[in-house]
Amino acid sequence: MNEPYGPEAPRPISSTSGTMKIFMGFLAVFVVVQTIGTVLFCLYLHMKMDKMEEVLSLNEDYIFLKKVQKCQTAEGHKSTLLDCEKILKGFQNIQCEGRSCGSPCRGMLRGQWKRQPIAVHLAGQQSNKAGSVLEWKETMYGPTNSLISNKEGKLKVEEAGLYYIYSQVSFCTKEVSLAPFTLYIYLHIPKEEDRLLLKGQKTQSTLKSLCELQSIRVGGVFSLREGDMVFVNVTDSTKVKYSHGNTYFGIFKL
Ligand SMILES: *[C@@H]1O[C@H](CO)[C@@H](O)[C@H](O)[C@H]1NC(C)=O
């Protein structure tokens, strides 16, 4: 009588194992789905982070451009909070990236944004060298520019164009002299004779033993070519006064 029961007996067992199988199946599916979900979520997060980084770097770029803009205004340039030289240099480098950044690039930049003007203002410097050509040194607030070099008193321009050239020389005469004190600005072109550009004169004092201080100032616009040099000489450089603001030499491109 057990016979008919025999096949029945394992049934509950097989049903339990069936449930187990279904449960295991669900578990497996759940684990797989969970894994896929996690991977997708990680991917999403990663992409989102990339975007955030991009946004952050764009923000940085925006701030940088703002600084460049500030530095190009006069008040901004004076601000000590901004390191304008560095910022503008950085900006120039970005613009030059990928191009050979020699003078052609500088030339191109010139048209694009307000560059440093080509201007130099120097103060007289006492020189122990014999000779009538005056020597010059940089001043605290006077501009300098790499496109104008100063070699032994001669200012050399690296770019052709119209330039305003000016100079003042203060001098002191003690003894009587019939010859006037004269200030000259000469143009020096290599392998050519020096050419007089400007001349200023003052009659020397006849007052004895007293230093009569006088100044001569000259200035004018001239067309210079690349490599041209200008210099100042005077009839007697020993009489020149070098105290602050008295004697100077400057040039700027129009
Ligand atoms: C000044 O320089 C010019 C040009 O080189 C020269 O001819 C002239 O003699 C100089 N003047 C004086 C006073 O040395």
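Trainee: Which residue in β8 is the bridge partner of Phe 171?
Mentor: The bridge partner of Phe 171 in β8 is Gln 214. Please note that this is a predicted model, in which local features need pLDDT of at least 70 and side-chain atom pairs count only at pLDDT 80 or more, while totals for chains, interfaces and linings use all residues. Residues are numbered from 1 along each chain as its sequence is written, and side-chain values use heavy atoms, with hydrogens and water left out.

Trainee: How many bridges join β5 to β8?
Mentor: There are 13 bridges, and the strands β5 and β8 run antiparallel. Strands here are DSSP runs of E with at least two residues, helices are runs of H or I with at least four, and both are numbered from the N terminus. Two strands pair if DSSP finds at least two bridges between them.

Trainee: And what about β5 and β10, how many bridges there?
Mentor: Strand β5, residues 161-173, pairs with strand β10, residues 248-253, over 6 bridges, again in the antiparallel sense. Ser 167 has Phe 249 of β10 as its bridge partner, and Gln 168 stands opposite Tyr 248 in β10.

Trainee: In what order do the strands of the sheet come?
Mentor: The open sheet has 5 strands in the order β2-β1-β10-β5-β8, with antiparallel pairing. Because β2 (135-138) and β8 (212-224) each have a single partner strand, they stand at the edges, and one side of each is left without a neighbour in the sheet. From one strand to the next, the twist averages 25°.

Trainee: How many residues of β5 are buried?
Mentor: In β5, 10 of its 13 residues are buried, so the strand is mostly covered. Buried means under 20% relative accessible area, exposed means over 50%, and partly exposed lies in between, using a 1.4 Å probe and protein chains only.

Trainee: Switching topic, which cysteines form a disulfide?
Mentor: Cys 172 and Cys 211 do, with their sulfur atoms 1.8 Å apart; a disulfide is a pair of cysteine sulfur atoms within 2.5 Å. Cys 172 lies in strand β5 and Cys 211 in the loop between β7 (195-202) and β8, so the pair ties together parts that are 39 residues apart in sequence. The structure holds 1 disulfide.

Trainee: Is Cys 172 buried or exposed?
Mentor: Cys 172 is buried, at 10% relative accessible area. Cys 211, at 35%, counts as partly exposed.

Trainee: Which residues are around the ligand?
Mentor: They are Ser 132, Tyr 186, Asp 194, Phe 231, Asn 233, Val 234 and Thr 235, where a residue counts if one of its heavy atoms lies within 4 Å. A polar side-chain atom of Ser 132 lies 2.7 Å from an oxygen atom of the ligand. For Asp 194, the distance from a polar side-chain atom to a ligand oxygen atom is 2.6 Å.

Trainee: Last one: where does UniProt place the transmembrane region?
Mentor: The unreviewed UniProt entry places this feature at residues 22-45; such annotations may be inferred rather than shown by experiment. In the model, residues 22-45 are 100% helix and 0% strand, and the end C-alpha atoms are 34 Å apart.

Key: Axes are lines fitted to C-alpha atoms, for helices over the stretch in contact, and angles run from 0 to 180 degrees between N-to-C directions. A polar contact is a pair of N or O atoms within 3.5 Å; within protein, one must be able to donate a hydrogen and the other to accept it, and residues adjacent in sequence count only if both atoms are side-chain atoms.
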